[in-house]
Amino acid sequence: MWFYLALAVLLYFVIRSYRERQQVDNLREKYVFITGCDSGFGNQLARQLDAQGLRVLAACLTQTGAQQLERLTSNRLKTTLLDVTSTESIEAATVWVKECVGNKGLWGLVNNAGLVYPFGPNEWLTKEDYMKVLNVNLIGLIDVTLHMLPLVKKARGRVVNMSSIMGRLSTMGGGYSISKYGVEAFSDSLRREMHSIGVKIAIIEPGYFRTSMTDTQKNLDVLEQQWMKVPEQIKESYGQAYFDAFYKGVKDNLATRCCKDLYLVTDCIEHALISQYPRTRYSAGWDSRWIFIPLSYLPTFITDFVLTRSWPKPAQAL
């Protein structure tokens, strides 16, 4: 019995591997729109897909980012400026994309633009701190998708949404995890709605990677600024020793846990765009695949213990 079960599992993975290696045709005729291409995953993905021959439409927040990307790529790649928190900016980008793709439609939409801070214990933050992150990571992503979706439907293409392992497992306070849980929910509902139309939706769930969002000093500076704004009563509840330990924990994590190989993420996005049989979810990075995903399936009390056992204790803890 166990032999046949093992054989069935092996056969499943062999068939899946074969199917996933099948690519779509006419890649050089397919247009892909990517947000957040100034740096990090978006910048590398734009260069990677351009080298593969796809027609990349790269959206950057700044003119400097757009110019630098253009210097590193072929004349097939085109850039535009986009602020995903502005509906007017999204509308202008949609008109531009429509002019670029013509009757072909948009094969791929990659919602990559993101923001991680402000972050910290929830009690240290304000509504505005949450909205700053949610407006980029979730509301902006939804707004871009709704505007671009008719073009994707025309090509019967793909939408690839950048989530995070923190969309499966919330490990810190602030808008980041909340926004990524929202990305997961939006993507799931959209996938079910688009299935009969032929549009595929993929979710990317990276672990810790070295990008501008995980720049150690920038995150520490933001954390220190947050602590300075915390009301005195809440500061007394946590204590300076708590902040110092929390600060050190963030510094150590960002300095040691971030993977520098961004291809682990961009290769997943590329596969979601060019494979005939893309996956629904892609876990990128060893920590995502072997630590956080398994943790998310364990009983809550075990997960809570593993995640919080090294956390500092507030001054007014029991």
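**Figure 1. Helices H5 and H6 run roughly parallel to each other in this predicted model**. The axes of H5 and H6 (residues 175-194) come within 8 Å. They cross at roughly 20 degrees, and an angle under 35 degrees counts as roughly parallel, so the pair falls in that class. H5 passes H6 in a right-handed crossing. On the H5 side, the contact is made by Tyr-130, Val-133, Leu-134, Asn-137, Leu-138, Leu-141, Ile-142, Thr-145, Leu-149 and Lys-153. H6 contributes Gly-175, Tyr-176, Ile-178, Ser-179, Lys-180, Gly-182, Val-183, Phe-186, Leu-190 and Met-194. By class, this H5 contact with H6 has 13 nonpolar, five polar and two charged residues.

**Figure 2. Helices H7 and H9 pack in a roughly antiparallel pair**. Two packed helices are described by the angle between their axes and the distance between the axes. For H7 (residues 216-229) and H9 (residues 240-256), the axes come within 10 Å and cross at roughly 160 degrees. That angle makes H7 roughly antiparallel to H9. The crossing of H7 and H9 is right-handed. From H7, the contact draws on Thr-216, Asn-219, Leu-220, Leu-223, Glu-224 and Trp-227. From H9 come Gln-240, Phe-243, Phe-246, Tyr-247, Val-250, Lys-251, Leu-254 and Ala-255. Sorted by class, the H7 contact with H9 has nine nonpolar, three polar and two charged residues.

**Figure 3. Seven strands form an open, parallel sheet**. The strand order is S3-S2-S1-S4-S5-S6-S7. S3 (78-81) and S7 (281-284) stand at the edges. Each has a single partner strand, so one side of each is left without a neighbour in the sheet. From one strand to the next, the twist averages 15 degrees.

**Figure 4. Two strand pairs within the sheet, S1 with S2 and S5 with S6**. S1 (residues 31-34) and S2 (residues 55-60) pair in the parallel sense over four bridges. Here Ile-34 stands opposite Ala-58 in S2. S5 and S6 also pair in the parallel sense, over five bridges. In this pair, Val-160 stands opposite Ala-202 in S6. S6 is mostly covered, with six of its seven residues buried.

Figure 5. Is Ile-293 buried or exposed? The relative accessible area of Ile-293 is 12%, and buried means under 20%, so Ile-293 is buried. Leaving aside neighbours within four places in sequence, Ile-293 is in contact with Ile-165, Arg-168, Glu-205, Ser-283 and Ser-288. How far apart in space are Ile-293 and Met-194? They are 26 Å apart, C-alpha to C-alpha, and 99 residues apart in sequence. Met-194 belongs to the H6 side of the contact between H5 and H6.

Technical notes: Residues numbered from 1 in each chain as written. Predicted model: local features only at pLDDT ≥ 70, side-chain atom pairs only at ≥ 80, totals over all residues. Heavy atoms only, no water. Axes fitted to C-alpha atoms, helices over the stretch in contact; angles between N-to-C directions. Parallel < 35°, antiparallel > 145°, perpendicular 65-115°, else oblique. Left-handed = near helix turned anticlockwise from the far one by under 90°. Contact = heavy atoms within 4.5 Å. Nonpolar A, V, L, I, M, F, W, Y, C, P; charged D, E, K, R; others polar. Buried < 20%, exposed > 50% of the residue type's maximum accessible area, 1.4 Å probe, protein only. Pairing = 2+ DSSP bridges.
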